[in-house]
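Visitor: I've got a chain to look at and a few things I'd like to ask. Could you walk me through it?

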Amino acid sequence: MFKRLVIVLSVGFTAIAAAQTPAAVPATARPGHTCMKPDQPGRLATKNQLKTFDRDAKLFRECLQAFVKAQTELVKLHSDIGNSAVKEYNDYVTELSKKPDEEKK
């Protein structure tokens, strides 16, 4: 009978712990940019080809800058979420530590 109780309790605690474990993003899930790097024209390029290359190089730079900006915003968002979770836990622990003092009064 006691063994069954221990098994039931351990299964219950395991289920609770699993339910509270946050889902992790796989390390392989890394976003990549879709910016197209232009091919540099050769020495015999025409003026029009050079102009087109300059325009495409500028678009490539702008695309990469937009990608970096978006990733930076995501980093800030995730950092804020993590900090919020830490604050929630710290507040919880502070609240728990105050309860014994209140019970003594």
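Visitor: Where is the place of Leu96?
Guide: Before that, a quick note: this is a predicted model, with local features needing pLDDT of at least 70 and side-chain atom pairs pLDDT 80 or more, while totals for chains, interfaces and linings use all residues. Residues are numbered from 1 along each chain as its sequence is written, and side-chain values use heavy atoms, leaving out hydrogens and water. Helices are DSSP runs of H or I with at least four residues, strands are E runs of at least two, and both are numbered from the N terminus. On that basis, Leu96 sits in helix 2 (residues 47-104).

Visitor: Is Leu96 buried or exposed, or partly exposed?
Guide: Take the cut-offs: buried is under 20% relative accessible area, exposed is over 50%, and partly exposed is in between, with a 1.4 Å probe and protein chains only. Leu96 has 39% relative accessibility, so the label is partly exposed.

Visitor: What percentage of the protein chain counts as buried?
Guide: The fold has two helices and zero strands. The chain exposes about 10,100 Å², with carbon and sulfur atoms supplying 62% of that. Of its 105 residues, the buried share is 2%.

Visitor: Which cysteines form the disulfide, and which hand does it have?
Guide: A disulfide is a pair of cysteine sulfur atoms within 2.5 Å, and the structure holds one. The partners are Cys35 and Cys63, with sulfurs 2.0 Å apart. Cys35 lies in the loop between helix 1 (2-20) and helix 2 and Cys63 in helix 2, so the pair ties together parts 28 residues apart in sequence. The S-S torsion of Cys35 and Cys63 is about -85°, so the disulfide is left-handed.

Visitor: Which of these two cysteines is buried?
Guide: Cys63 has 29% relative accessibility and counts as partly exposed. With a relative accessible area of 11%, the buried one is Cys35.

Visitor: How many salt bridges are there?
Guide: The rule wants a side-chain nitrogen of Lys or Arg within 4 Å of a carboxyl oxygen of Asp or Glu. Arg55 pairs with Asp56, their closest N and O atoms 3.1 Å apart. Asp80 meets Lys76 at 3.0 Å, N to O, and Lys87 bridges to Asp91. The count comes to three.

Visitor: How far apart are the closest N and O atoms of Lys87 and Asp91?
Guide: Both residues lie in helix 2, four residues apart, about one turn of the helix. Lys87 is exposed at 52% relative accessibility, whereas Asp91 is partly exposed at 41%. The closest N and O atoms of Lys87 and Asp91 are separated by 2.7 Å.

Visitor: And what separates Asp80 and Lys76 along helix 2?
Guide: Asp80 is partly exposed, with 39% relative accessible area, and Lys76 is exposed, with 53%. They are four residues apart in helix 2, so what separates Asp80 and Lys76 is about one helical turn.

Conventions: Accessible areas come from the Shrake-Rupley method with a 1.4 Å probe; for residues, only the protein chains shown count as cover.
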